[in-house]
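Here are some notes for a colleague opening this structure for the first time. Please keep the model in view while reading.

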Amino acid sequence: NSTLVLGSSKSGVLQYGLTLSEDYRLCICTDDVENLSECYRRMLANISKYQARKVVFVDNELGNFKGIAEQFSGCRYIKGENAFGEFLEEWKSDLNGRLEDEEKCLEQLFIVIAEFNEFFDMISDDQAAFMRKVFQYINSPKYGITFICGFNVNGDKNNDRLFMSLIVNAENYLLTSNSYEKAKEKIETLPLLSKIYPNTSYVCLKEKFIEIRW
C-alpha cells in the first residue's frame with residue numbers, strides 16, 4: 001500500500017492521506033500535546049499494518065511520547081541527543097545505499113520527529129549539520145524515506161534550514177483543531193483557509209484543504 005492514511009472525511013465515506021510515491025514530508029501542526037499524541041498513535045497503527053515499513057521515532061530527553069512509540073513493535077524509539085547521534089552513525093550506510101541503489105528504496109522508512117522546537121534544542125551542532133545535508137540529498141519520495149514532524153504552533157518560528165525543510169516547505173500538513181491561525185503566522189507558505197470551523201481538524205495536501213475526523 002502506497003498511502004499513509006491521515007484521516008477520513010467528516011462523513012466517514014472517504015479517507016485522505018499521503019501518497020508515498022509522490023510525497024515525502026508531512027508537518028503536524030497542533031497547539032495541544034494530547035492532540036499530537038493521538039495523531040502519532042493513529043499514524044503508527046496505520047503504518048504497522050503493512051510489511052516493508054519501518055519507523056524511527058525521535059523524542060527529546062523527557063520522553064514525552066515513549067509510551068505511544070513502544071506500543072508498536074516495528075517502531076524504533078530514539079530518546080535524547082546521545083541516542084540520536086548513535087542512530088545517525090548507523091543510518092549513514094542506509095542513506096548511501098538508497099542514494100546508489102533503487103532496490104534499497106523499496107523498504108519505506110518513516111522518520112518521525114516528535115516536535116520540532118524540542119528536537120532543535122536537543123541536537124548538537126554536528127547533528128544539525130548532518131540533518132541539513134540529509135535534506136540536501138534526500139529531496140524526493142523516490143528514496144523511500146518519509147519525514148513526519150510535529151510542530152507546536154505556540155513555539156518559536158525558526159530561520160534555520162531545518163525549519164524550512166521540515167515545516168515551511170513540507171507542502172503537506174495535518175492541522176489539529178484550533179491550530180490553523182497560529183500556524184499561518186509562522187508558516188508563510190501555508191495556503192489560505194477562508195473559513196475555519198471550531199474543533200475541526202484539516203488535512204492540507206499541496207494547497208487543498210480537507211476537513212477530517214479521527
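**Notes on the sheet, its helices and its pockets**

1. Strand β3 (residues 25-30) and β7 pair in the parallel sense, over six bridges. One point to locate is R25, whose bridge partner in β7 is F147. Bear in mind that this is a predicted model.

2. Now take the other neighbour of β7. Strand β6 (residues 108-113) also pairs with β7 in the parallel sense, here over five bridges. F110 stands opposite T146 in β7.

3. How many of the eight residues of strand β7 are buried? Seven are, so the strand (residues 145-152) is largely enclosed by the rest of the structure. Buried here means under 20% relative accessible area.

4. Strand β4 (residues 53-59) runs parallel to β6, and six bridges join the two. V58 has I113 as its bridge partner in β6.

5. Step back to the whole sheet. It is open and has 10 strands, with mixed pairing. The order is β2-β1-β10-β9-β8-β3-β7-β6-β4-β5. Which strands stand at the edges? They are β2 (15-19) and β5 (75-79). Each has a single partner strand, so one side of each is left without a neighbour in the sheet. From one strand to the next, the twist averages 25°.

6. Next, the helix α1. It packs on the sheet and touches β1, β3, β4, β5, β6, β7 and β8 (172-175). The direction of α1 makes about 150° with that of β3.

7. A further helix, α6 (residues 161-168), lies across β3, β6, β7 and β8. Its run is at about 100° to β7.

8. Turn to the largest pocket. Its volume is about 250 Å³. The lining has 13 residues, and V5, Q15, R42, N46 and K49 lie nearest the centre. Which elements each supply at least two residues of this lining? Both β1 (3-9) and α1 (33-47) do. By class, the lining of the largest pocket has six nonpolar, four polar and three charged residues.

9. The second largest pocket has a volume of about 220 Å³. It is lined by 13 residues. Of these, L20, C105, L106, Q108 and G144 lie nearest its centre. Its lining has five nonpolar, six polar and two charged residues.

Conventions. Residues are numbered from 1 along each chain as its sequence is written. This is a predicted model: local features need pLDDT of at least 70, side-chain atom pairs count only at pLDDT 80 or more; totals for chains, interfaces and linings use all residues. Side-chain values use heavy atoms; hydrogens and water are left out. On a 1 Å grid over the protein atoms alone, a cavity is a set of points where a 1.4 Å probe fits but cannot get out, and a pocket is an open set with protein on both sides within 12 Å along at least five of seven lines; lining residues have an atom within 4 Å of a point. Grid points are joined across faces, edges and corners, and a volume is the space filled by probe spheres set on the points. Helices (H or I, at least four residues) and strands (E, at least two) are DSSP runs, numbered from the N terminus. Ala, Val, Leu, Ile, Met, Phe, Trp, Tyr, Cys and Pro count as nonpolar, Asp, Glu, Lys and Arg as charged, and the others, Gly among them, as polar. Buried means under 20% relative accessible area, exposed over 50%, partly exposed in between (1.4 Å probe, protein chains only). Two strands pair if DSSP finds at least two bridges between them. Axes are lines fitted to C-alpha atoms, for helices over the stretch in contact, and angles run from 0 to 180 degrees between N-to-C directions. Contact means heavy atoms within 4.5 Å.
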